[in-house]
Amino acid sequence: MSSQKEPRTSSASRLIALGLAAAVAVAAAFYFGYWVRTPQYAMRTLVDAVKAKDIAYVDQHVDKNQFFSRLFDESLEFSFGAQDSDSDQQANPALKRYLNQSKKLVVPILQQQARNWILSGRPDNTLPVRIEADDTGRGTAMAKAMAANLGLFRLQYRSLGKVEHNGETATAELTFHDGQLDQDLPVTLRLQREDGTWKVVSATNLPKYMKARQKAIRARLDKLNAPLKARIAQSVVVSTDEAQAPLFRVHDDPSAITGASLEGEFTLTNVGTVDILSISGTVEVKDSSGIVRFRNGFESEGIRAGQSVRVRNVWPLDLYIPNQSILATKPDEKLSAVLTIQYVIFKGGQSIGLLETLPDDTAQKR
């Protein structure tokens, strides 16, 4: 009796099955042995955890105390430093010391606000926040103001970009969308591996993020204020003819910190048909190179319809602001100024005012 040969297709099938099994084994080994241990995987699962409101996972993979402590320090450096300087931020040391006294109150509240934001999904959540016994209100107010200034709880995740891994540390570039500004903003997070677990420990690009955010705020406000500026221009203008043009100069002033003050004179004219009771606005003073060296506000007395007034202001220059210190050394330099009228009150009680902050009705809805 002749022996039966095994069909070739059966051998081929076993070979294919073995190959697939090997491929699956290799993929599983890669997944569990490498991929799940990478900062890329940690960031993707962290994003998913925030979306799923998985607070336990977030607590495990975010060092909230270190994150918000660093954020507090860097926010103070940026927001209360030499804001008028075109060089690197240098915080006013006296102001920084004063504000740092509230750090122990502010950081825990920021942590709780972040937790509430994840749970509620809303920037204006009403979930409770535990207040420290020695917080008389300053810590809570500072935390609220800092969160609003940074736009922290208005951010909505867009995408994860480049993740760079360097030993026990890594950085991850993310894009978030601010619904109030209708603008995408860059966020770079720093991760650190502790006992085999990747944790987010800080944001590393706060100046870049804040500059992008401030630019978006200015663009949004400019758009909202455009019709208001047009209405103001129909009522009052800054005269620019040679005799009445704005004139700004630096004077020696022993009473000022830097020993110098800035004097400014300009003419306002009521070009409307209604008497004006008061006017206020802002002024930006530039040196001959076009760099803004000074910013401040001004006020004016009332102006009858069709009349003009000459306004004079004297501002002491501040040693802690580099640009103002530089301006103090330029008493003979020709200065120019940009004046913006922001608020006008008319006889009869009517008024026109430019928006300085974004209105609440533009807040992000999630």
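Which residue takes a positive phi in the hairpin of β11 and β12? In this predicted model, local features need pLDDT of at least 70 and side-chain atom pairs count only at pLDDT 80 or more, whereas totals for chains, interfaces and linings use all residues. Residues are numbered from 1 along each chain as its sequence is written, and side-chain values use heavy atoms, with hydrogens and water left out.

The residue in question is G348, with a phi near 105°, in a hairpin that has four residues between its strands. Strands here are DSSP runs of E with at least two residues, and helices are runs of H or I with at least four, both numbered from the N terminus. Strands β11 (residues 336–346) and β12 (residues 351–353) run antiparallel and are joined by three bridges; two strands pair if DSSP finds at least two bridges between them. Strand β11 is also joined, by ten bridges, to β8 (residues 276–286), again in antiparallel fashion. Y343 of β11 is the bridge partner of S280, and Y343 also stands opposite G353 in β12.

A look at helix α2 (residues 39–51) brings us to M43. M43 is buried, with a relative accessible area of 1%, where buried means under 20%, exposed over 50% and partly exposed in between (1.4 Å probe, protein chains only). Beyond its neighbours within four places in sequence, M43 is in contact with L160, A172, L174, L189, L191 and V200, contact meaning heavy atoms within 4.5 Å. M43 and A172 lie 129 residues apart along the chain, yet their C-alpha atoms are separated by 7.8 Å.

Across the protein chain, there are nine helices and twelve strands, and 38% of the 366 residues count as buried.
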